[in-house]
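Okay, thanks everyone, I'll keep this short. Let me put the structure up, and then we'll go from the whole chain down to single residues.

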Amino acid sequence: MDSSRKPLATRSNLSRLPLPGSRQKRARSPEDEVPSGGKKSRLEVPPPNQTTKPARSLSSSTLTAARNSAAARSKLKRTESSSSVNKRSTAPVTSKNLRTTEVQKSFNFRAPAKPQTSMTVRPRAPPTSAASKAVNQSLNATVVSTGAPKKRPAWDLKGRLQDMEAHMQRQAKDSSSLQGQLTQYNDRIVQLESQNQKLSGDVVEKEMASETAVKEIQELKNKLNAAEQEFETTKRTLQREIDDLQFQKSTLDRQKITLEGELAASMKEISGLKATVAEMTSAQATVRAELETAKLQLDAAFKDISNLKQTVQDRDNTLKIRDESIESYQEKERNHETERRKLHNTIQELKGNIRVFCRIRPLLGDELLGNDGVINHMNFPDMDGKVLEMDKLSDMSVNESVLNSTKGGRAVSKYEFSFDRVFQPESSQADVFEEISQLVQSALDGYNVCIFAYGQTGSGKTFTMEGSLQSDETLGMIPRAVRQIFSSALHLQQKGWKYTFQAAMLEIYNETIRDLLGKGKEEKHEIKMCGKGDSDVYVSGLTVVDVTSEDKVLNLLRKATENRAVAETKCNERSSRSHSVFQLRLTGENSITGESCKGILNLVDLAGSERVKDSGSEGQRLIEAQNINKSLSNLGNVIMALGNKDKHVPYRNSKLTYLLQNSLGGNSKTLMFVNVSPKEECFGESLNSLRFATKVNQCNIGTAQKKK
Ligand SMILES: Nc1ncnc2c1ncn2[C@@H]1O[C@H](COP(=O)(O)OP(=O)(O)OP(=O)(O)O)[C@@H](O)[C@H]1O
């Protein structure tokens with residue numbers, strides 16, 4: 001048997017037929033269905049028991065088969081149409097294909113004879129026409145396929161009929177066989193239709209799913225488009241952001257470089273700071289330790305403070321007791337002060353109410369050239385500084401008590417004068433003031449004090465009384481007295497004393513009073529008496545200034561000096577020709593003791609005492625001389641009268657004594673400086689001054705009375 005032949009389909013073979021959708025496509029290739037013209041194809045030969053049937057039995061069975069085949073085909077057609085949806089599917093074998101294959105297989109006529117022989121069949125037309133057509137084809141096929149019997153001649157009708165009957169018989173046999181197969185096919189078709197329906201449902205579902213999927217795809221496409229647009233937008237945005245970021249990056253890179261530089265510097269600084277911090281930490285630790293120590297000390301101090309508080313309390317009590325004691329002592333001191341004043345006054349009385357100090361000025365300038373700057377005619381023999389010895393060569397006509405001696409072979413006349421104090425040329429202003437300070441103090445105690453300087457011109461009166469205001473050392477008695485008064489007044493405040501001071505300055509020139517603190521306006525001033533029993537003296541129209549400090553008084557002194565200088569330009573040597581008087585009135589009250597006092601301090605720079613020869617003087621100089629002589633001699637007369645206890649004291653004979661009447665006499669304390677020039681040629685004038693001073697010094701002008 002030829003291996004290329006295949007048996008007809010059996011049930012088992014059918015079951016192996018490819019199902020719709022199976023990939024056994026080759027079973028229905030066009031080559032199988034429609035053999036190409038001229039080509040030979042192998043014909044499937046049925047098994048030997050089914051091979052041939054006589055052509056006579058063809059009629060009914062073949063028709064039935066044909067009908068069934070047609071029904072199957074129409075059914076298949078429907079199935080095809082219902083399955084057309086699957087046409088797009090490429091892989092599975094369709095039912096039409098299946099049917100065609102099956103029908104073709106069913107209706108293929110096979111050569112009954114010599115089945116083992118391979119036959120070449122001509123191509124057949126598809127089984128789509130009627131049964132007759134099929135018969136014809138079958139016949140043709142038989143004729144062709146049998147091949148073996150040669151074509152009977154046309155005349156051999158009998159033979160041909162026999163062939164046909166034989167063929168029909170075979171066909172009948174085949175028909176019954178086909179009937180069974182057809183049933184199987186129908187079952188199979190039903191089964192397939194069922195599957196087809198199921199598949200159709202699946203297809204519908206899948207179509208729906210597909211539509212849904214399409215919709216979803218469309219939606220997804222839309223979304224995709226939207227997403228793409230969004231993506232584009234986002235991309236552009238991101239691109240811009242990237243650009244921005246790149247710009248920022250480049251900026252940041254630059255900043256980074258800068259910052260790295262700064263960082264390096266900062267690191268350096270930080271390292272420095274770290275070192276500093278380390279130092280400070282160390283210092284802090286030290287400070288902490290110190291604080292701890294301090295805290296301990298503080299605690300100890302608090303304890304001490306509490307102890308001290310107790311101590312303070314105790315001391316407060318003690319102080320209270322002491323305060324009481326102090327109050328008591330102060331009371332005693334006040335009493336002592338009062339007592340001191342009494343004693344002071346007593347001492348002053350014992351010393352004499354009028355005292356005389358002699359002061360010799362040093363040689364100055366050219367005066368130092370002669371005698372090598374040595375004062376030969378003056379000696380200071382005693383240790384107490386109270387005696388002045390004047391030496392006069394014998395050829396000089398002096399009639400005073402003379403201690404005869406010789407000096408350089410020449411007879412020397414010695415004149416000795418004793419005073420309360422003799423100040424040698426080298427004595428300072430401070431030395432002099434020390435001796436008069438007690439007297440100045442008396443003014444604060446309520447006494448009238450009069451200190452005047454007497455002497456010839458150029459002997460040092462102004463220097464002694466005013467001094468030079470340029471330096472502290474050269475300050476004279478007036479500024480020093482003022483300083484002491486203000487200082488003492490301040491000190492006495494603690495003892496309840498409160499003082500007020502009034503200052504005035506005037507000059508008496510040619511018996512005319514001139515206000516040295518005035519505004520320069522010439523005004524006539526008269527000396528008048530006032531107060532209880534006309535006990536007080538005052539000058540009409542005189543400028544009186546309330547002074548509260550030393551400086552203010554010094555300013556007044558400067559002003560007075562200026563006023564004198566202006567006047568001096570009008571009259572040469574006027575200062576030498578006039579008496580100048582500085583007057584300070586002191587008023588004190590003690591709020592504790594109720595005491596009060598009033599004192600006047602008169603500091604007088606007298607006119608030059610040199611005697612002008614009446615015969616040689618004339619005019620203004622004569623008038624000056626006469627007035628000076630008059631006032632100075634009247635001063636001497638007053639002092640003498642006081643000393644003689646005369647009932648009448650000629651105060652009013654001169655302006656000077658009239659002005660000083662309350663400061664000369666029983667109610668006052670008087671001190672006279674007799675200033676002496678060291679010049680030898682002034683010997684005579686010096687003697688006159690010393691004689692006048694001696695007279696004054698010998699006077700006892702009575703007991704000073706404290707003014708109340
Ligand atoms: N103790 C002294 N030390 C130094 N210089 C003195 C002293 N005394 C006086 N003088 C100086 O001698 C000169 C004359 O003195 P001052 O003017 O005081 O004399 P005076 O007696 O006031 O004369 P006048 O009557 O003309 O005013 C001045 O230059 C003065 O400075």
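So, contacts first: among those in the chain with a separation of 6 or more, 75% are between residues 24 or more positions apart. Contact here is when two C-beta atoms, placed from the backbone, lie within 7 Å. Before I go on, this is a predicted model, where local features need pLDDT of at least 70 and side-chain atom pairs count only at pLDDT 80 or more, while totals for chains, interfaces and linings use all residues. Residues are numbered from 1 along each chain as its sequence is written.

We've got 14 helices and 15 strands in the chain. Those are DSSP runs numbered from the N terminus, with helices being H or I of at least four residues and strands being E of at least two. How many of the 708 residues count as buried? The figure is 31%. A residue is buried with 20 or more other C-beta atoms within 10 Å of its own, exposed with 12 or fewer, and partly exposed in between, again with C-beta atoms placed from the backbone.

Now the sheet around strand E14, residues 596-605. Eight of its 10 residues are buried, so E14 is largely enclosed by the rest of the structure. On pairing, DSSP has to find at least two bridges between two strands. E7 runs parallel to E14, joined by six bridges, and Asn448 sits opposite Ile600 in E14. Strand E13, residues 578-590, pairs with E14 in the antiparallel sense over 10 bridges, with Gln583 opposite Asn602. The E13 and E14 hairpin has five residues between the strands, and Gly594 there takes a positive phi near 80 degrees.

On to the ligand. Which residues are closest? There are 15 residues around the ligand, and the closest are Arg361, Gly460, Thr462, Phe463 and Ser576. Two elements give two or more residues to that shell: helix H8 (461-465) and helix H11 (574-577). H8 gives the most, three residues. By type, the shell is three nonpolar, 10 polar and two charged. Nonpolar means Ala, Val, Leu, Ile, Met, Phe, Trp, Tyr, Cys and Pro; charged means Asp, Glu, Lys and Arg; the others, Gly among them, are polar.

The UniProt annotation "binding site", from an unreviewed entry, covers Gly455, Gln456, Thr457, Gly458, Ser459, Gly460, Lys461 and Thr462. Positions are in the numbering used here, feature names are shortened, and annotations may be inferred rather than shown by experiment.

Let's take two of those. Gln456 lies in the loop between strand E7 (448-455) and H8. Is Gln456 buried or exposed? Gln456 counts as buried because 22 C-beta neighbours fall inside 10 Å. Leaving aside neighbours within four places in sequence, its contacts include Gly608, Glu610, Ser677 and Cys682. Thr457 is in the loop between E7 and H8 too, but with 17 C-beta neighbours inside 10 Å, Thr457 counts as partly exposed. With the sequence neighbours within four places left out, Thr457 is in contact with Ser576, Gly608 and Glu610.

Last one, Leu368, in the loop between strand E1 (354-360) and strand E2 (378-379). Leu368 is partly exposed because 13 other C-beta atoms lie within 10 Å. Its C-alpha atom is 9.5 Å from that of Lys679, 311 residues apart along the chain.

Methods
A residue is near a molecule or strand if its C-beta atom, placed from the backbone, lies within 6 Å of it.
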